[in-house]
Amino acid sequence: MTEVTVNSLEFFRSHWTTWRVLGVAQFRVQSWRNLYLSYSILLNLMVTLGYPFHLGMSLFRNRTLTEDILNLTTFATCTACSVKCLLYAYRIKDVLEMERLLRLLDKRVVGPEQREIYGQVRVQLRNVLYIFISIYLPCALFAELSFLFKVERGLMYPAWFPFDWLNSTRNYYIANVYQIVGISFQLLQNYVSDCFPAVVLCLISSHIKMLYKRFEEVGMDPGKNPERELEACITDHKHLLKLFRRVEGFISLPMFIQFTVTALNVCIGIAGLVFFVTEPMARMYFIFYSLAMPLQIFPSCYFGTDNEYWFGRLHYAAFSCNWPTQNRSFKKKMMLFVEQSLKKNTAVAGGMMRIHIDTFFSTLKGAYSLFTIIIRMRK
């Protein structure tokens, strides 16, 4: 059987590639730095700031109510996406510290059981990738089909342009190319903003499980010094806590924004689907859109819950080791670790909302509450 090579940083490669394309990884670019910086400034002005702006200028000024709803949901999503991207760009160097801590934890992985846990990470993160593909493809497909099946000349998303695109073929093509290219970059921003928290929280969970296994093996091998093994495990725990706090600070505000926008957009999407939208392709778009928004936050909430659960079980692992036969110094250190590990560790978004499955369902409940308000207003 081929031995699994432990390298947590391999799961960051697609994110670094995406960040380079989005122009927020200047310190990772070694050559043509001035050209890359110019590209970064131009891209972020044209798309990160310009795309939500050109959608926002058209709010509630469109020809039909369907276009108003499509415009509102797209504007909210793109604005949130841009803000999250800028927040991540501001603290992008924190990822380097996360990588350093993950390297230290990777070096501690030994034995087939721990490597098997690491092997399961590939499957879990592949499933996360499938979730995001299933989110983006149907929404993009039905947005495009809705645009193609329009009887009159129109845009993919209702928006404002500083030129007459309706009566000029050249301007019409310029407007549509800008929207297609812009939404492609926004999808990349959305992918890295929503996928990265899930990936890094999944890696933390896997390393907690591997630490659990190492704790259980302390004192079992007569050829090893049990006190040094214990100290090494306690050091691993400190590295995990430091990594967890760094990740929490990095994703806190972006996740809070995502929770808020998810509740709002699910509500607006369902309200539009039930009460206002009549075109078949537009209805299909809003069905997949309303399903996609909660799925964006589910992986992060799931792995946030997993983090909390496994951090809360580490003291059981400490008592599973061969501690009764050890000396007084060993037992003192173990008890100090147990006391520290009893402290609850939960990732919090915006200082208010746990990144947890409970928050996922609370977000859906919030969307339902807003929907009932809309029903009462209609009555």
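Residues are numbered from 1 along each chain as its sequence is written, and side-chain values use heavy atoms, with hydrogens and water left out. Because the model is predicted, local features need pLDDT of at least 70 and side-chain atom pairs count only at pLDDT 80 or more, while totals for chains, interfaces and linings use all residues.

A cavity is a set of points, on a 1 Å grid over the protein atoms alone, where a 1.4 Å probe fits but cannot get out; its lining residues have an atom within 4 Å of a point. Grid points are joined across faces, edges and corners, and a volume is the space filled by probe spheres set on the points. Two cavities of 30 Å³ or more are counted by this rule.

The volume of the largest cavity is about 50 Å³. Its lining consists of Ile 117, Gln 120, Val 121, Gln 124, Cys 202, Ser 205, Ser 206, Lys 209, Phe 303 and Asp 306. Two or more of these lining residues are given by each of α5 (111-148), α6 (169-217) and α8 (280-311); helices (H or I, at least four residues) and strands (E, at least two) are DSSP runs, numbered from the N terminus. Sorted by class, the lining has four nonpolar, four polar and two charged residues. Here Ala, Val, Leu, Ile, Met, Phe, Trp, Tyr, Cys and Pro count as nonpolar, Asp, Glu, Lys and Arg as charged, and the others, Gly among them, as polar.

The second largest cavity holds about 40 Å³ of space. Around this second largest cavity are Thr 77, Ala 80, Cys 81, Lys 84, Asn 190, Gln 258, Val 261, Met 293 and Gln 296. At least two lining residues come from each of α3 (65-90), α7 (226-276) and α8, and α3 makes the largest contribution, with four residues. By class, this lining divides into four nonpolar, four polar and one charged.

Moving to the surface, a nonpolar patch is formed by Leu 37, Ile 41, Leu 42, Leu 45, Met 46, Leu 49 and Leu 86, which together have about 660 Å² of accessible area. Such a patch is made of residues with over 30% relative accessible area and no salt bridge, with nonpolar side chains (Val, Leu, Ile, Met, Phe, Trp, Tyr) joined within 5 Å. The areas come from the Shrake-Rupley method with a 1.4 Å probe, and for residues only the protein chains shown count as cover. Helix α2 (residues 33-56) gives the patch its largest share, six residues. Met 46, located in helix α2, is partly exposed because its relative accessible area is 44%; the scale calls residues buried under 20%, exposed over 50% and partly exposed in between (1.4 Å probe, protein chains only).

Arg 115, in helix α5, is buried at a relative accessible area of 18%. Asn 322 sits in the loop between α9 (314-320) and α10 (328-341) and is partly exposed at 23%. Side chains of opposite charge can pair when their charged atoms come close. With a salt bridge defined as a side-chain nitrogen of Lys or Arg within 4 Å of a carboxyl oxygen of Asp or Glu, the count comes to 17 salt bridges. In one of them, Arg 246 pairs with Asp 94, the closest N and O atoms being 3.5 Å apart. This pair links distant parts of the chain, with Arg 246 in helix α7 and Asp 94 in helix α4 (residues 94-107), 152 residues apart. Arg 246 is partly exposed at 28% relative accessibility, whereas Asp 94 is buried at 11%.

Arg 245 forms a salt bridge with Glu 248 (3.0 Å, N to O). These two are separated by about one helical turn because they are three residues apart in helix α7. Arg 354 and Glu 308 form another salt bridge, with 3.4 Å between the closest N and O atoms. Arg 354 lies in strand β2 (residues 353-354) and Glu 308 in helix α8, so the pair ties together parts that are 46 residues apart in sequence. Salt bridges that share partners join Glu 308, Lys 344, Arg 354 and Asp 358 into one network.

How values were computed. 1 Å grid on protein atoms, 1.4 Å probe; cavity = no way out; pocket = protein on both sides within 12 Å on 5 of 7 lines; lining within 4 Å. Patch = residues over 30% accessible without salt bridge, like charges linked within 9 Å, V, L, I, M, F, W, Y side chains within 5 Å.
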